[in-house]
Amino acid sequence: MPGQQTRQWILSNPPKADPVLEGSDPTFSLQNTTLPTLGSDQVLVKTLYISNDPAQRGWIQLGVDPERLYVPPVQKGDVMRAFAVAEVVESNADSLKKGQLVIGSLGWTEYAVVGAKEVRPVQADESAGMRPTHFLGSLGATGLTAYYGLVDVAQATADDVVVVSGAAGATGNMVVQIAKHLVGCKRVIGIAGGEKKCKWVESLGADVCVDYKSPTFKEDLKKATEGFVDVYFDNVGGEILELMLARIKKHGRVAACGSISTYNSDGGNGIRNWFEIIANRIQVRGFIVIDAFESGKAGPFIQTLVQGVKDGKIKIGPESETLVPTSFEDVPKTWTMLFSGGNTGKLITELKA
């Protein structure tokens, strides 16, 4: 039996700055290929939803030192790496049946042949409002990142004042909710771009959300953090991180999760007020969600989030994810919405039939 034909997006020119989607030397190229026939304990899956994550940008950076990256970089000529939800269309595995939904690192591909152990079933519960796509975001690695970073890395408590940047993003909105409704932090401050996003962040439980697009942002941030704060959950890096280092109490903690404002920057990303860390004995700890899996804490943490949804403490409604119906030809274009603030909550590519 011949293998399945599929289209795939390949990394053709690793970028140094902004990814290039058009022209003679695009970052990605579309190719057709024939997949191998199914082997023992393998399945053929059809991709339905693709996760879009800022971390993917670091995986394709030109000249990145593999020894300094937490996962192997995507190599030139390889299928672009991404997590996805897919449907099993053929199975040679007893553990997975035709029609079952699974999640795994499948990449930007319409179809894939994978081992049964490379994917896991999606435990969606529509009656509880838990869609398959939520396991790419709020109830998957994204939600786990938020919980692990706030509770385990920053060690936030009910006595803390917490600031979250990128608060309307996939990770940030979960941090806000976990801080307010699960940890019970006494004050939660969000930072987001635009009045609409800020109102949504406040509806999730933030005591106030500061609009970084406002001309009075610096003054507003200073007012919101009067008395200084205990914990800063950083998703953006750059200028906002610099500002926040001056708003953290002595012996405060920073959970360094992301730096999306600098990912496409061609040049130095140095912090100009590093002395704040020294003078105020601020603890800055970087982390990757892989750490939660390696420590054995991932399962219990995700179950805590699932229970939070069932108890009504964590909201994962339509606002918590941005599903973009996308033709396969436009998969890279949807991904780049991450870097222009084009999403609220988790950005997910929904492949058109």
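# A helix, a sheet and some positive phi angles

Just after helix H3, glycine 184 takes a positive phi of about 80°. The model is predicted, so local features rest on residues with pLDDT of at least 70 and side-chain atom pairs on pLDDT 80 or more, while totals for chains, interfaces and linings use all residues. Residues are numbered from 1 along each chain as its sequence is written, and side-chain values use heavy atoms, with hydrogens and water left out.

Helices (H or I, at least four residues) and strands (E, at least two residues) are DSSP runs, numbered from the N terminus. Helix H3 covers residues 170-183, and its 14 residues reach 19 Å from the first C-alpha to the last, close to the 20 Å expected when 1.5 Å is multiplied by one less than the number of residues. H3 is mostly covered, with ten of its 14 residues buried; buried means under 20% relative accessible area, exposed means over 50%, and partly exposed lies in between, for a 1.4 Å probe and protein chains only. Among the buried residues of H3 are Ala170, Met174, Ile178 and Ala179.

The strands build an open sheet of six with the order E10-E9-E8-E11-E12-E13 and parallel pairing, where two strands pair if DSSP finds at least two bridges between them. Its edge strands are E10 and E13 (283-286), each of which pairs on one side only. From one strand to the next the twist averages 15°, and such angles run from 0 to 180 degrees between the N-to-C directions of lines fitted to C-alpha atoms, for helices over the stretch in contact.

E9, helix H4 (residues 195-203) and E10 make a right-handed β-α-β unit: with the strands pointing away from the viewer, the path from the first strand over the helix to the second runs clockwise. H4 lies across E9 and E10, at about 160° to E10, whereas helix H2 (residues 141-153) lies across E8, E11, E12 and E13 and runs at about 150° to E11.

Cysteine 209 is found in strand E10 and counts as buried, because its relative accessibility is 10%. Setting aside neighbours within four places in sequence, cysteine 209 is in contact (heavy atoms within 4.5 Å) with Gly190, Ile191, Ala192, Cys198, Val201 and Glu202. Cysteine 198 is likewise buried, with a relative accessible area of 5%, yet the structure holds zero disulfides, a disulfide being a pair of cysteine sulfur atoms within 2.5 Å.

Most residues other than glycine have a negative phi. Glutamine 155, in the loop between H2 and E8, and arginine 281, in the loop between helix H7 (275-279) and E13, have positive values instead.

| Residue | Phi | Relative accessible area |
|---|---|---|
| Glutamine 155 | near 55° | 54%, exposed |
| Arginine 281 | near 50° | 45%, partly exposed |
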